[in-house]
Every structure is written in structure tokens, then in C-alpha cells.
Amino acid sequence: MPNIKLIDLEGLDLSKSIIEVIADNLIINVIEGFESALETDIKLKFIEETVKLARGKINTLAINQSTGIESFEGCKITNKKGGQILDYESDKEYLRLKTLLDERKELLNQAYKLDINLVTNDSEIIPKVPVKTFVKDSISYSFKK
């Protein structure tokens, strides 16, 4: 087993302000120039994946134990009932309309990228729609098995 240092949560105030303090402590080596942001980001992603896996393994048990409990050491607990998601794509009319929308979206994307007007076979001039929002640059990591 590798040498793993754990954050001791025993008796810790489970608040957003403490989350901020722990987050600052996790990146202090970057701020002080002892470690690269990339190295720290990869390590934090590793921790995130580890916590996600651990929470997934105990989620059902935690849901069962939380019934009737509204808070724990200052942390508000809200239970949400699961439900059903309908399979809209099994409806032929829905699928037809969705296909039409996907095709229209592709035309709008093409028109936006062109310096000239995009004209369909039906002589329709496809409008250049404005940018709604921007997507931030991102990075992803894959860990070996």
C-alpha cells in the first residue's frame, strides 16, 4: 500500500469556509513555486476520481441511513427521490423532429463559420446566429489501470 496522507476530518467544522482553507492548503506548493500547476492539477484529479469512486461504493448505504435526518455536524442533508427518464427517441415523430433539429443546427454551424452566405438547395439563406456563450479551455487526464 502506498504512503497516503489523509486529511483528518475528525472534529472538523464541515463548512464551505473550511473547504476553502483545505483547497488553499492543497495548492500552497504551486503558489509558493515548489510544484507545477500541472503536477498539482493531476494529483487533485486523482483525488477527485478516488473520492468519486469511494462515494459511489457507499452511496446507497448513505441514502438509507439519511432517512429522517436533516443535518449532520452543520451539513444540511437533502434527500432526492430517483425517478424515471422516458425514452422519447422510441417515438417516431420525436425522432423525426430531433433529426430535423440536428440537421438545422449543422446548417447554422456551417453558416457561422463561412465568410459568405450559406444558401440551401431551396434558396434559403441560412442566418448567421450570434454566439450565445463561450466554453472555457479545459484539460483532461486518464490514469493507467
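The points below describe a predicted model, taking its pocket, its surface patch, its backbone and its salt bridges in turn.

1. The largest pocket. About 1300 Å³ of space lies in the largest pocket of the model. This pocket is lined by 31 residues, and those closest to its centre are Leu14, Arg55, Ala62, Phe72 and Cys75. Two elements each give two or more residues to the lining, namely helix 1 (16–26) and helix 3 (37–66).

2. Helix 3 provides the largest share of the lining of the largest pocket, with ten residues. When the residues of the lining are sorted by type, 19 are nonpolar, seven are polar and five are charged.

3. Leu26, Leu38, Ile42, Phe46, Ile47, Val51, Ile139 and Phe143 make a nonpolar surface patch of about 690 Å².

4. Ile42 as an example from the patch. Ile42 belongs to helix 3 and is one of the residues of the nonpolar patch. Ile42 and Glu20 are 22 residues apart in sequence, and their C-alpha atoms are 19 Å apart in space.

5. Two positive phi angles. As background, most residues other than glycine have a negative phi. In this model, Glu73 has a positive phi, near 45°. Glu73 is in the loop between strand 1 (71–72) and strand 2 (75–76), and this residue is partly exposed, with a relative accessible area of 49%. Ser123, which is not a glycine either, has a positive phi of about 70°. Ser123 is in the loop between strand 3 (118–119) and strand 4 (125–126). Ser123 counts as exposed because its relative accessibility is 58%, and the cut-off for exposed is over 50%.

6. Salt bridges in general. Side chains of opposite charge can pair when their charged atoms come close. How many salt bridges does the count come to? The count comes to eight salt bridges.

7. The side chains of Lys45 and Glu49 form a salt bridge, with an N to O distance of 3.3 Å. Both residues lie in helix 3, and they are four residues apart, about one turn of the helix. Lys45 is partly exposed, with a relative accessible area of 24%, and Glu49 is partly exposed as well, at 36%.

8. Arg96 and Glu93 form a salt bridge in which the closest N and O atoms are 2.7 Å apart. These two residues lie in helix 4 (residues 92–113), three residues apart, about one turn of the helix. The relative accessible area is 42% for Arg96, which is partly exposed, and 39% for Glu93, which is also partly exposed. A further salt bridge joins the side chains of Asp102 and Lys98, at 3.4 Å from N to O. Asp102 and Lys98 are separated by about one helical turn because they are four residues apart in helix 4. Asp102 counts as partly exposed at 43% relative accessibility, and Lys98 is partly exposed at 30%.

Note on methods. Residues are numbered from 1 along each chain as its sequence is written. This is a predicted model: local features need pLDDT of at least 70, side-chain atom pairs count only at pLDDT 80 or more; totals for chains, interfaces and linings use all residues. Side-chain values use heavy atoms; hydrogens and water are left out. On a 1 Å grid over the protein atoms alone, a cavity is a set of points where a 1.4 Å probe fits but cannot get out, and a pocket is an open set with protein on both sides within 12 Å along at least five of seven lines; lining residues have an atom within 4 Å of a point. Grid points are joined across faces, edges and corners, and a volume is the space filled by probe spheres set on the points. Ala, Val, Leu, Ile, Met, Phe, Trp, Tyr, Cys and Pro count as nonpolar, Asp, Glu, Lys and Arg as charged, and the others, Gly among them, as polar. Patches are made of residues with over 30% relative accessible area and no salt bridge: like charges are joined within 9 Å, nonpolar side chains (Val, Leu, Ile, Met, Phe, Trp, Tyr) within 5 Å. Accessible areas come from the Shrake-Rupley method with a 1.4 Å probe; for residues, only the protein chains shown count as cover. A salt bridge is a side-chain nitrogen of Lys or Arg within 4 Å of a carboxyl oxygen of Asp or Glu. Buried means under 20% relative accessible area, exposed over 50%, partly exposed in between (1.4 Å probe, protein chains only).
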